[in-house]
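Please consult the sequence and the structure alongside the text.

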Amino acid sequence: MTGRLSTKIAVITGAARGIGRATALRFAEEGADVALLDIACDIPGVPYAGAKATQLDNVRDEVEALGRKCMALVADITCTDQINEAISKVISEWGRIDILVCAAGIDSWGKAWELSDEQWQTMIDVNLTGVWKTARAASPAMIKQQSGAIVFIGSVLSHRANKEFAHYTAAKHGVLGVMRAFALELAPYGIRANSVDPTVVHTDMVMNQAYLDRLGGHNGTTLEEARAYYLKWNTLPIPWAEPVDVANAALFLASEEARAITGVALPVDLGALLK
Ligand SMILES: NC(=O)c1ccc[n+]([C@@H]2O[C@H](COP(=O)([O-])OP(=O)(O)OC[C@H]3O[C@@H](n4cnc5c(N)ncnc54)[C@H](O)[C@@H]3O)[C@@H](O)[C@H]2O)c1
């Protein structure tokens with residue numbers, strides 16, 4: 001098999017759908033065997049439907065149809081035992097982990113002074129602590145191998161604020177810090193860590209009706225109304241990125257083409273951060 005990730009073993013969290021799914025498929029196209037990890041259920045306090053176990057299975061089928069090995073693991077990244085167990089399973093079955101992509105995440109919203117304790121805590125638990133726990137779990141194997149690449153999926157909100165997302169913004173700024181810390185501490189072992197920081201991406205996280213209604217300020221807000229809003233948010237005349245745009249950036253950072261790059265945050269932001 002030839003490909004930019006030929007013979008590599010990749011673990012991708014949040015892989016049942018959206019950016020994680022697109023990354024799994026893109027990596028498989030480039031020759032990687034892929035372990036998919038996802039909680040695959042609704043999450044209390046998250047105002048849109050969670051991924052389904054069948055979606056996770058479907059992604060496994062899609063990866064296998066590309067001729068690559070695949071395992072689908074149901075695990076909650078906020079639970080130390082579950083994430084450690086999932087990572088151990090990959091190592092015991094496939095022997096190593098070359099690439100980790102931390103794409104699992106959630107969204108919710110509310111004014112900074114009106115967020116509930118539960119909203120705040122769940123956000124920090126998943127989007128920050130869970131991300132750190134995932135990288136923590138995979139690091140020892142990479143250290144042993146003296147090689148590896150970690151790609152964190154941050155956000156433009158790793159770099160700037162947006163109204164009604166104080167908890168998400170805090171978590172994503174935290175991911176930027178976590179990425180830099182892992183890059184610094186793992187570099188002596190030949191391991192790189194970087195992040196891909198997207199603007200709005202066409203996934204269930206931001207294309208669900210509850211999110212659109214928040215954006216438009218009324219029930220039944222349409223995709224067309226959202227399009228107009230996002231065209232103002234971005235600089236390029238494109239309303240949103242597609243999951244594969246983020247996957248392609250993750251692919252580059254995970255591949256040997258980026259062997260000289262670590263500690264870097266790569267916006268896939270349609271120029272949003274220029275504003
Ligand atoms: N969609 C966007 O506009 C956008 C923009 C910037 C950054 N991001 C980030 O990209 C990443 C992927 O988001 P997406 O847009 O693909 O959303 P998505 O909701 O389509 O996918 C997220 C996946 O993460 C999984 N997940 C959630 N909590 C989990 C947990 N505790 N343990 C394991 N898996 C869990 C979900 O089940 C889901 O399959 C997230 O980190 C998100 O913050 C998304």
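α1 (18-29) passes α2 in a right-handed crossing, a crossing being right-handed if the near helix is turned clockwise from the far one by less than a right angle, and left-handed if anticlockwise. Helices (H or I, at least four residues) are DSSP runs, numbered from the N terminus. The model is predicted: local features need pLDDT of at least 70, side-chain atom pairs count only at pLDDT 80 or more, and totals for chains, interfaces and linings use all residues. Residues are numbered from 1 along each chain as its sequence is written.

**α1 with α2**
- The axes of α1 and helix α2 (residues 53-65) cross at roughly 15° and come within 9 Å; axes are lines fitted to C-alpha atoms, for helices over the stretch in contact, and angles run from 0 to 180 degrees between N-to-C directions.
- α1 is therefore roughly parallel to α2, a term for angles under 35 degrees.
- Arg 21, Ala 24, Leu 25 and Ala 28 of α1 meet Val 59, Glu 62 and Val 63 of α2; residues are in contact if their C-beta atoms, placed from the backbone, lie within 7 Å.
- This contact of α1 with α2 comprises five nonpolar, no polar and two charged residues, where Ala, Val, Leu, Ile, Met, Phe, Trp, Tyr, Cys and Pro count as nonpolar, Asp, Glu, Lys and Arg as charged, and the others, Gly among them, as polar.

**α1 with α9**
- α1 and helix α9 (residues 243-254) pack with their axes 8 Å apart, at an angle of about 55°.
- The crossing of α1 and α9 is right-handed.
- Residues making the contact include Gly 18, Ile 19 and Arg 21 of α1, and Pro 243, Val 244 and Val 246 of α9.
- By class, the contact of α1 with α9 has nine nonpolar, three polar and two charged residues.

**Domains**
- The protein chain is assigned domain 1 (9-198 + 243-265) and domain 2 (204-240), with bounds from an automatic or database domain assignment.
- The centres of domain 1 and domain 2, taken over C-alpha atoms, are separated by 25 Å.
- Six residues from domain 1 and seven residues from domain 2 form the contact.

**Ligand shell**
- Of the 31 residues around the ligand, Gly 14, Gly 18, Ala 51, Gly 105 and Thr 203 come nearest; a residue counts as near if its C-beta atom, placed from the backbone, lies within 6 Å.
- The shell has 17 nonpolar, 10 polar and four charged residues.
- The ligand lies between domain 1 and domain 2, because both give residues to the shell around it.

Notes. Helices (H or I, at least four residues) and strands (E, at least two) are DSSP runs, numbered from the N terminus. Two residues are in contact if their C-beta atoms, placed from the backbone, lie within 7 Å. Angles under 35 degrees count as roughly parallel, over 145 as roughly antiparallel, 65 to 115 as roughly perpendicular and the rest as oblique.
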